[in-house]
Amino acid sequence: MKNRIYTIVCVAVIIGAIVWIAASFVQRRGGGASPAPIAGMPERDTTPLTSMEFRERVVDFGRVSADTLLCATFVARNTGAKPLVIYYVNPDCSCTGYTLSKPVVQPGDTLSIVLKLDTRHKSGLHRLYTIVRANTEDQLYRLMLKAEVDPS
């Protein structure tokens, strides 16, 4: 009886492994179903490209005490000929919040992104990154906040 159960389990494991390997092979080859587009969104981004320049991309707060709320303002200018669209602002830590002044900026105009870093429960040197995605040739921009938090 034990040999029969052992054989059934081994066969089931082997079949599962074969199915898993086959599925991985098909996926690597580009087969299988592609993800469905989000309703109402075009399959391809058709927003015209423009260009953007930040005044600065790094703010260094130096030494700060714990339990401090740090705020940094990053200013960007639309240096292109088409409207600038900010698709998202994505801080890499839940301790960092943001405020975007406006998601669409006309040529020559500026926008601001205010990042707020909460140093509560932090100590030592911290480098926190935020990714900004826009309709520009580069598409992704990395902003950085630096602070050395004293655990007082």
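Contact here means heavy atoms within 4.5 Å. This is a predicted model in which local features need pLDDT of at least 70 and side-chain atom pairs count only at pLDDT 80 or more, while totals for chains, interfaces and linings use all residues. Residues are numbered from 1 along each chain as its sequence is written, and side-chain values use heavy atoms, with hydrogens and water left out.

Q: Which residues is Tyr88 in contact with, leaving aside its neighbours within four places in sequence?
A: Tyr88 is in contact with Ile131, Val132, Arg133 and Leu140. The C-alpha atoms of Tyr88 and Arg133 are separated by 5.4 Å, although these residues are 45 residues apart along the chain.

Q: Why is Tyr88 called partly exposed?
A: Buried means under 20% relative accessible area, exposed means over 50%, and partly exposed lies in between (1.4 Å probe, protein chains only). Tyr88 has a relative accessible area of 36%, so it is partly exposed.

Q: Why is the pair of Phe54 and Tyr141 called tilted?
A: Rings of Phe, Tyr and Trp (its six-membered ring) pair if their centres lie within 6.5 Å; planes under 30 degrees apart count as stacked, over 60 as edge-to-face and the rest as tilted. The ring centres of Phe54 and Tyr141 are 5.8 Å apart and their planes stand at 55°, so the pair is tilted. The structure holds 1 aromatic pair.

Q: What makes this pair a link between distant parts of the chain?
A: Phe54 lies in strand β1 (residues 52–54) and Tyr141 in strand β9 (residues 140–150), 87 residues apart. Strands (E, at least two residues) are DSSP runs, numbered from the N terminus.

Q: Are Phe54 and Tyr141 buried or exposed?
A: Phe54 has a relative accessible area of 11%, so it is buried. Tyr141, at 4% relative accessibility, therefore counts as buried too.

Q: Which residues touch the most other members of the largest nonpolar core?
A: A nonpolar core is a set of buried Ala, Val, Leu, Ile, Met, Phe, Trp, Tyr and Cys residues joined through side-chain atoms within 4.5 Å. Of the 27 residues in the largest such core, Met52, Phe54, Phe74, Ile86 and Ile113 touch the most other members. The largest share of this core, 5 residues, comes from β9.

Q: Where is His126 found, and what does it touch beyond four places in sequence?
A: His126 is found in strand β8 (residues 124–134). His126 touches Leu145, Lys146, Ala147 and Val149, not counting residues up to four places away in sequence.

Definitions and conventions. Helices (H or I, at least four residues) and strands (E, at least two) are DSSP runs, numbered from the N terminus.
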